[in-house]
Amino acid sequence: MRITVTVDGIPCTDDVEPRTLLVHHLRERVGKVGTVVGCDTSNCGACTVHLDGHSVKSCSVLAVQADGCEVTTIEGLARDGELHPVQKAFHENHALQCGFCTPGMIMQSIDLLADDPDPDEQAVREGLEGNLCRCTGYQNIVRAVRDAAHRMRPGAGPEAERLASDTASRVGARGE
Amino acid sequence: MTSTIEPEVGKSRRRKEDERLITGRTRWTDNLTLPGMLHLAVLRSPFAHAEIVSIDVTEAKSAPGVVAVFTGKDLDPESAIGMPCAWPITPDMKSPRRPILASDTVNFAGEGVAVVVARTSAEAHDALEAIDVEYDELPVVLGLENALAEGAPLVHEDLGTNQNAVWVFDSADAGTGSSVEDAISHSEVVLKRRFRQQRLVPAFMEPRACVVDPTGSQLVMWSATQVPHILKTMTAATLGLPEHKVRVIAPDVGGGFGGKIAVLPEEMMATLVAQRLGKPVKWTESRSETMVAAHHGRDQIQDLTITADRDGTVTGLKVELLADMGAYLGLVGPGVPILGAFMFNAIYKFPAYHFVCTNVFTNTTLTDAYRGAGRPEATFGIERMMDELAVELGMDPMEIREKNWIRHEEFPFTTVAGLTYDSGDYEAATAKAKELFDYDGLRREQKERRESGDPVQLGIGISTFTEMCGLAPSRVLGSLDYAAGGWEHAEIRVLPTGKIEVITGASAHGQGHETAWSQIVADKLGVPFEDIEVIHGDTQSSHKGMDTYGSRSLVVGGIAVVKAADKVLAKAKPIAAHLMECSEDDLEFSAGEFSVKGTEVSTSIQDIAWAVFSAHNLPDGVEPSLDSSDTFDPENFSFPHGTHLCAAEVDTETGRVRLRSYVCVDDVGVAVNPLIVEGQVHGGLAQGIAQALFEEAVHDEGGTLTTGTFADYLLPSAADLPSFTTDRTETPSTTNPLGVKGVGEAGTIASTPAVVNAVIDAVRHFGVDDIEMPLTPMRVWHAIQHGSAAAGGLGSEAGGGLGSIDATGGVQ
């Protein structure tokens, strides 16, 4: 089947087998190897991307289902050379060690913050329940997400607001 | 002119590694694509023990996109290749040949029997289904005691036994203590317990992968490995390749925890296939393959006897272990439980000690190193026993530990196991931990809840642990019959512009070496942190090393870096003296500047670097290079320690355990980067707590791993774990110039017994003195109901801990 998926702002038209998973399409055809595969049962969340602004495990979506959609991966988060506040917060709070779960963890965190701009610790823990990390024990990830929430809150600065409103509009496209 | 005034060591520097990892600019092995690259898929046995009657690959060979299909007989017609085991722990150790692919019999479910090579990974996997293997099932050997029973079927018929080796240490024989049998005969209290260390899966997040390119003059292997240097040498030795024709690269590696210390049949398979076809090939496993084919950890039965006087003074410890090797021996598998031999006596002054370990073969995935490797098992055993002894004697569990531990003023202290602990301050770590924990307050609350019959009971668990880190003094490894040494190598290259390249033989996979090594070198040479690049993980650029495991990188590899930096300065000094026309004796070096004492005259290391590069004006006989390398072979291990305190709430109506608070004060010596240290402790705690509460690799009666996916094997999520309170005391190691001890395994080693002790403490008044790990709600509830240990099968089903599974709404 021929599909067109806009990945990190670039429209990509490809012929894919109907069985191809979105994550394999992204990695093998589009070249977005920043998004990784950690399991084969949709438990680990390492492959999490945004599909039309909503976080999905890209191993649980067929490439053909993404036809006509916008996909944002970890590689498309930084704008004009500026890291997303969640990326910055992961760095500042030492929220990663080996970094394999990090792309999915960051994508899920952004989605979580779009739903709940000021989550408490328990809300962050529950919001990230579908993303596994073996290195950090999660403590610094939780800290990073809450730190990012503070950086992105209204009045935190023009750059953060621009990115925060970006996120809000993308998530708003869900139509929920 | 730049110079660093404030020391870098001790700063919580944000990591250099992060930039590529948070932006997705990573080079995981599976990300690599080479021109003409083919893909491998491995067919694995569904049976734990069976004869292979026939393998028919005809149909698979003609499947779309398939280039070739190989069986074990195709790749190794003489059955001459065996995967290496580097640790023959006894001269008579039984060592079965582990083939690259099974040809005659399969010995565990998941063992490879054929490999398909195709244009795409999907086509290779499709073709697996077209391979027809006829098996003739054999009796399956499972369970340590079953395997050793009279008349038990054998995993390897030709060995004549399921016993791999018996390894013994006795303090009376070794001259390090007295006789345990005497202690047992004469002591006022003799307490015996049996504990089980369940089997665990290391579960690094990045599945294993390798790419082999045979097209250049050197064969190049990229692998998701902890041990590129060992892999290079072992690939050469295993396949008979000239070592100088092999280059191994560990690119970005997504976690290891010991699970990537192995040399893999798949790596050897990929090499042979690549050579046969003259094409680059890639093998990447699925998570389901990892679970059955990558080595597991732990899996012991521990029979422990502790003896003491009525006043609580311990008089002896006898340790009898059975350790499951699985179906074959891993690279260091047989030695893993032996590392525990030196740790069961822990921080206590036992006068008599006996350790015997029987390694056993079963028809299961092989076991090998997993975070802590032998030391978590030992620490669990002794810390559980100290609690049991305290109960037996009616003492507070902290009081009995204090009574028996090595006091600060007694260091250095030679233990009953023959190790000399150089330093430690158990009093300081314990005092700090008790204060942070509110030990007395929680004990009061526990009493109140018990008296009021609260359905939620509170328990307090203690673990005052130590570990041996910095593996390892080569002489000690030699005395334990390990095949290699334990040194590490480093090189420092001073570039013409004064920038620095640091080459290290330690191969990082999440530990933050690039950051920490930069901090060390910045202090030593007085160059900015940003001007230092750390290079590792490629045997071409980092040609010498022993890699990363056993909390060794900083304690051994970091010291090699320090020594190499000292050599750079020694080479720079005569040049500085020459340039400033003074005597070397008049020079002092500080913050990157050589200055002439008592004058304003100075020259920087960067200026000297350029002078060396131009080489126009060097002293006679001085080479135009500041580059220096060195190796470090430690004289002794390092001994981090700490006090971990856990408060657990147990809902006695459901058996559910909630960790109310977890406090640990670790003493890892000098912290080069406190932020990284804290992160290592957090992650270690999570893994140790997961052993206590969540994780277990379970085989059914046919030898099938029933916890073979992340849906069944309960890796804790953020929602399953509490926040930890971590702190440090800092008693520098006296055996290395940085005063460091290592931190990679501390959290994992210490936390498991703290959690289990807490849960038992909460329900002991129901008559419970043990619950098998993992402490699932069903096991805890059952123990409360029956007033005894819930040893045995109950609750051993997959996912028994509930954990991430939300029964009301499902997994998000």
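Which strands, in what order, form the open sheet of chain B with mixed pairing? The points below begin with the basis of the model and then take up that sheet.

1. This is a predicted model, in which local features need pLDDT of at least 70 and side-chain atom pairs count only at pLDDT 80 or more, while totals for chains, interfaces and linings use all residues. Residues are numbered from 1 along each chain as its sequence is written, and chains are lettered from A and ligands numbered from 1 in the order in which they are written.

2. The open sheet of chain B has 5 strands in the order β7-β15-β14-β13-β8, with mixed pairing (two strands pair if DSSP finds at least two bridges between them; strands are DSSP runs of E of at least two residues, helices runs of H or I of at least four, numbered from the N terminus). β7 (163-170) and β8 (189-200) of chain B are the edge strands, each with a single partner strand, so one side of each has no neighbour in the sheet. From one strand to the next the twist averages 10° (axes are lines fitted to C-alpha atoms, for helices over the stretch in contact, and angles run from 0 to 180 degrees between N-to-C directions).

3. β7(B) and β15 (residues 353-361) of chain B run antiparallel and are joined by 7 bridges. B:Asp170 has B:His354 in β15(B) as its bridge partner. Helix α12 (residues 375-393) of chain B packs on the sheet, where it touches β8, β13 (297-308) and β14 (314-326) of chain B, and its direction makes about 145° with that of β8(B).

4. In chain A, the axes of α3(A) and α5(A) come within 11 Å and cross at roughly 45°. The two helices, α3(A) and α5(A), are therefore oblique to each other (under 35 degrees counts as roughly parallel, over 145 as roughly antiparallel, 65 to 115 as roughly perpendicular, and the rest as oblique). A:Met105, A:Ser109, A:Leu112 and A:Leu113 in α3(A) meet A:Ile141, A:Val145, A:Ala148, A:Ala149 and A:Met152 in α5(A) (contact requires C-beta atoms, placed from the backbone, within 7 Å). By class, this contact of α3(A) with α5(A) has 8 nonpolar, 1 polar and no charged residues (Ala, Val, Leu, Ile, Met, Phe, Trp, Tyr, Cys and Pro count as nonpolar, Asp, Glu, Lys and Arg as charged, the others, Gly among them, as polar).

5. Between the chains, the contact takes 46 residues from chain A and 42 residues from chain B. On the side of chain A, the elements that give two or more residues are α2 (85-92), α3 (102-115), α4 (121-127) and α5 (139-152).

Key:
Contact = placed C-beta atoms within 7 Å.
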